[in-house]
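Please read the numbered points beside the sequence and the model.

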Amino acid sequence: MTRDWLVCASCAGPVSEGRCSVCRASRERMRQENGWRGVTPTTVWILLALLAAVAAVLFLQQRTA
Ligand SMILES: [Zn+2]
């Protein structure tokens, strides 16, 4: 993705090729960040489900009251 165009400051090669240890460290860090981003939608869906549950409870309480 976005890391494809990144040029390493140490070896002046594309970071995605992992030519030196700096490249590989950057690549590893970005992979972890991508993994973190991969988790986020799940968290968002859980929060949305909780919000929907709370809204449903409030709605039912109003109807029965
Ligand atoms: Zn490098």
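1. Terms of exposure. A residue counts as buried under 20% relative accessible area, as exposed over 50%, and as partly exposed in between (1.4 Å probe, protein chains only). By this scale Glu17 is partly exposed, because its relative accessibility is 46%.

2. Basis of the note. The model is predicted, so local features need pLDDT of at least 70 and side-chain atom pairs count only at pLDDT 80 or more, while totals for chains, interfaces and linings use all residues. Residues are numbered from 1 along each chain as its sequence is written, and side-chain values use heavy atoms, with hydrogens and water left out.

3. Overall architecture. Of the 65 residues in the chain, 12% are buried. The accessible surface amounts to about 5400 Å², and carbon and sulfur atoms account for 66% of that surface. Such areas come from the Shrake-Rupley method with a 1.4 Å probe; for residues, only the protein chains shown count as cover.

4. The zinc site. Which residues coordinate the zinc ion? The SG atoms of Cys8, Cys11, Cys20 and Cys23 do so, at 2.1 to 2.4 Å. Donors are N, O and S atoms within 2.8 Å of the metal (3.2 Å for Na, K and Ca); water is not among the atoms, so sites may look incomplete. The angles among the four donor atoms run from 101 to 118°, and the site is tetrahedral, a label given to four donors if all angles lie between 85 and 135 degrees.

5. Spacing of the donors. Along the sequence the donor residues follow the pattern C-x2-C-x8-C-x2-C. Cys8, in the segment before α1 (21-64), and Cys23, in helix α1, are 15 residues apart and link distant parts of the chain. Cys8 and Cys23 are both buried.

6. The salt bridge. The structure has one salt bridge, in which the side chains of Arg19 and Glu17 meet at 2.9 Å, N to O. The term requires a side-chain nitrogen of Lys or Arg within 4 Å of a carboxyl oxygen of Asp or Glu.

7. Backbone at Ala12. Ala12 lies in the segment before α1. Its phi is near 60°, a positive value in a residue other than glycine. Ala12 is exposed, because its relative accessibility is 60%.

Note on methods: Four donors count as tetrahedral if all angles lie between 85 and 135 degrees; four count as square planar and six as octahedral if opposite donors are over 155 degrees apart and all others between 65 and 115; anything else is irregular. Helices (H or I, at least four residues) and strands (E, at least two) are DSSP runs, numbered from the N terminus.
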